[in-house]
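This briefing sets out selected features of the structure shown below, grouped by topic. It begins with the ligand site and then turns to the metal site, the domains and individual residues.

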Amino acid sequence: MSNFNRILPFVWPSRHRLFLSFFFAALVALLWGGNLTIVFPIVKVLMQRQSLRSYVTEQISLCQNDVQNYQRDVRQFNQKIERTVPEAETVSLLGLRARSESKLMRASQRLAGWRWVLVFVIPHVPEDHFDTFALILALFLGMTVIKLLCMLAEEVLVGGVVQLTIMGIRKKCFRQVLALDYQTLLSRGTSDLMSRFTYDMETLANGLSLMGGKVVREPLKAFSCIAIALWLNWRLTLLSLVFVPLALLVFHRIGRKLKKASHRSMESMSRIYKVLEETFDALKVVIAFEGGRRHRLRHHQENKVYFEKSMNIVFIDALTSPVTELLGMLAVTITMLPGAYLVLRDTPSIWGIRLAEVPMDAAELSVLYALLAGVIDPVRKLSSVFGKLKRSSAAADRIFELMDSASLVHDPRQSKTLPRELKTIEFRNVGFSYAAGRSTRPPALREVNLKVAAGDVIAVVGENGSGKSTLVNLLPRYYDPEQGGVLLDDIDLRECRLRDLRGRIGVVTQETLLFDDTILENIRYGRRDASAAEVVRAAEQAHVTPFVAQLPDGFETRVGEKGACLSGGQRQRIALARAILRDPQILILDEATSAIDSQSEALIHKTLETFVRGRTAFLITHSVTQSVLNLVNRIAVMDHGKLITIGSHEELLRTCPIYQRLYQPQAEARPAA
Ligand code: ADP
Ligand code: MG
């Protein structure tokens with residue numbers, strides 16, 4: 001439940017609607033109790049054939065009697081108190097007098113009430129029995145209509161509050177998730193995040209709409225009935241409440257079970273999302289390798305698990321209704337028996353235990369039963385929402401767990417400002433290993449020392465998996481090194497503001513990531529305020545323009561989901577243009593031209609030669625070509641997470657066997673190309 005409290009700040013902005021809905025809920029509750037009380041005159045008129053006027057006059061004379069009796073008692077006590085001298089006796093007499101006085105007061109209040117009814121209500125009630133009955137029914141109908149209208153208003157108001165609240169939570173959650181670091185998000189996985197944002201949010205919304213609606217209204221309804229019942233006969237009513245603690249205990253138990261089961265079902269649902277996501281993401285592979293059967297099987301298995309988990313919930317959920325009904329019936333029975341005894345035997349007490357002030361009549365008892373039955377209906381409704389509430393509480397747990405997860409990469413408390421013009425970029429003794437659950441992976445980077453002067457263009461070469469991407473990914477702080485640090489002008493990256501840092505970096509990653517938008521907008525993503533002319537210039541530098549010119553819509557062509565409507569090379573060129581448009585001080589090209597044909601690649605490298613002037617650039621590649629050599633002034637060689645050596649092409653060709661291997665095939669391939 002604790003996480004439900006955390007929803008309050010999200011409800012707060014729509015508090016006015018909520019309070020208004022409470023008002024309507026209270027009205028509904030009052031009318032509910034009031035409607036049931038109408039049983040009283042109905043029984044009076046229909047069964048006992050007594051007109052309301054005669055009933056009221058009878059009550060008035062009874063009250064008058066009471067008042068006179070109590071007045072006499074008080075007078076007698078007064079006389080005794082004046083006569084008696086011993087102090088102890090006086091004290092007890094004073095107490096007795098006070099009791100009589102309060103009885104007198106209540107009796108006179110009752111008297112006043114009945115007199116009010118006689119003067120203001122009775123004149124409007126017809127004398128004829130049937131007419132009275134018809135009038136009561138009409139009143140009943142009218143009250144019901146008002147009650148339903150109030151319910152309608154309440155539901156609409158609450159619905160609004162819930163939707164606004166969920167919207168607030170969703171937005172906040174998205175903001176928090178966006179502030180998380182890359183590694184944390186990667187380890188959570190897209191499907192888990194997606195299921196939290198969709199399925200769990202929906203579950204939470206379901207629970208919240210009940211919270212605002214039924215969970216407020218139904219207890220109020222029950223309370224209004226109990227209050228009236230207490231007023232009628234508190235002893236019998238209290239008798240019926242002995243089952244409340246038992247019910248609370250039972251529900252506490254059921255609730256715990258339900259919440260656990262809900263957690264499991266939501267986890268299971270997120271695994272179904274995972275199967276779906278993986279399948280749809282890898283459609284090409286699934287189709288080519290005829291993996292449909294395999295995926296169907298996995299889908300089936302996950303669904304089976306979900307079915308089992310859901311059945312668990314269904315069972316516990318289904319249990320609540322009969323349990324409440326049984327407890328309710330027990331409560332009614334336990335009051336019905338003594339109540340009937342009082343009426344049928346015409347006595348106010350059983351075994352000497354006083355259960356009523358005066359002998360009750362059938363009409364009073366009927367109202368009491370109607371009211372107690374009126375408690376059962378809201379309680380049953382509550383028990384039916386109980387399961388949903390527990391489920392949404394589990395959903396709230398999962399959502400807030402996500403919201404609470406802390407980012408491994410965050411702004412420092414006291415940040416240092418980077419100088420406008422950078423002088424050096426240094427990897428100092430950097431070590432890093434990817435978190436991989438409990439098993440320990442070999443470190444992806446070990447004792448990497450690399451110092452780059454601003455304006456240098458460095459090629460980072462090495463075999464697949466040698467740690468090239470890992471190394472440059474430290475620069476925009478996708479993650480932080482475990483040992484050592486990355487320093488810009490001797491300021492550790494962890495001491496700079498993320499905005500400041502990332503604003504200076506342009507990245508083209510290995511996998512090109514485009515958004516489902518136009519080519520223009522995809523390039524403009526590099527710098528929001530870039531003009532169309534600037535975008536076109538960047539596009540020219542990245543050789544986007546030649547293929548865009550052939551598209552009927554030009555730059556306004558939509559690239560499809562993840563750029564699916566373009567070829568791999570075209571996507572890379574757009575990604576490159578995006579980084580160029582950013583006009584960064586540090587440019588990172590992680591195999592940025594791997595999918596581009598060698599002729600265009602050479603052309604791009606040529607244009608980059610002018611672009612990188614005055615910037616620091618890291619060019620990661622596994623194929624060292626002449627155009628790369630023209631572009632860079634130093635080459636760093638990586639192997640198994642270590643930086644082996646750094647130098648010029650000629651030096652490395654002489655001294656470094658790994659570099660020789662990397663360069664040779666290219667040298668051989670050249671003449672053939
Ligand atoms: P490359 O030089 O080809 O760019 P990487 O830097 O991508 O190599 O990878 C270096 C090592 O780190 C590889 O052995 C790879 O298996 C591992 N690795 C890369 N990314 C992850 C990741 N997200 N989680 C775990 N291990 C990773
Ligand atoms: Mg790589």
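**Ligand 1 and its surroundings**

In this predicted model, a backbone N or O atom of Lys468 lies 2.8 Å from an oxygen atom of ligand 1. Lys468 belongs to a shell that also includes Leu186, Tyr434 and Arg441. The points below describe that shell, the magnesium ion, the domain division and several residues of the chain.

*Contacts with ligand 1*

- The side chain of Thr470 places an N or O atom 2.4 Å from an oxygen atom of ligand 1.
- Tyr434 contributes a polar side-chain atom that lies 3.5 Å from a nitrogen atom of ligand 1.
- Ligand 1 taken alone exposes 550 Å², and the protein buries 67% of that area.

*Composition of the shell*

- The residues around ligand 1 are Leu186, Tyr434, Arg441, Ala444 and Glu463, together with Asn464, Gly465, Ser466, Gly467, Lys468, Ser469 and Thr470.
- Three of these residues come from helix 16 (residues 468-473), which supplies the largest share of the shell.
- Sorted by class, the shell holds six polar, three nonpolar and three charged residues.

*Magnesium site*

- The magnesium ion (ligand 2) is coordinated by OG of Ser469 and OE1 of Gln510, at 1.9 to 2.4 Å.

*Domains*

- The protein is divided into domain 1, comprising 2-51 + 127-403, and domain 2, comprising 422-500 + 623-673.
- The centres of domain 1 and domain 2, taken over C-alpha atoms, are separated by 60 Å.

- Asn522 and Gly563 lie 41 residues apart in sequence, with a C-alpha to C-alpha distance of 9.6 Å.
- Thr610 is part of helix 22 (residues 598-611) and is partly exposed, at 47% relative accessibility.
- Within the chain, the side chain of Thr610 reaches the backbone oxygen of Thr607 at 2.8 Å.
- Thr610 and Leu631 are 21 residues apart along the chain, and their C-alpha atoms are separated by 9.1 Å.

- Asp490, a residue other than glycine, has a positive phi near 65°.
- Asp490 sits in the loop between strand 6 (483-488) and strand 7 (491-492).
- Asp490 counts as exposed because its relative accessibility is 53%, and the exposed class begins over 50%.
- Glu591 is not a glycine either, yet its phi is positive, at about 45°.
- Glu591 occupies the loop between strand 9 (586-590) and helix 22.
- Glu591 counts as buried because its relative accessibility is 7%, and the buried class lies under 20%.

Definitions and conventions. Residues numbered from 1 in each chain as written. Chains lettered and ligands numbered in written order. Predicted model: local features only at pLDDT ≥ 70, side-chain atom pairs only at ≥ 80, totals over all residues. Heavy atoms only, no water. Near = heavy atom within 4 Å. Polar contact = N/O pair within 3.5 Å; in protein donor to acceptor, adjacent residues only side chain to side chain. Areas by Shrake-Rupley, 256 points an atom, 1.4 Å probe, with all protein chains shown as cover. Helix = DSSP H or I, 4+ residues; strand = E, 2+ residues; numbered from the N terminus. Nonpolar A, V, L, I, M, F, W, Y, C, P; charged D, E, K, R; others polar. Donors = N, O, S within 2.8 Å, 3.2 Å for Na, K, Ca; no water. Domains from an automatic or database assignment. Buried < 20%, exposed > 50% of the residue type's maximum accessible area, 1.4 Å probe, protein only.
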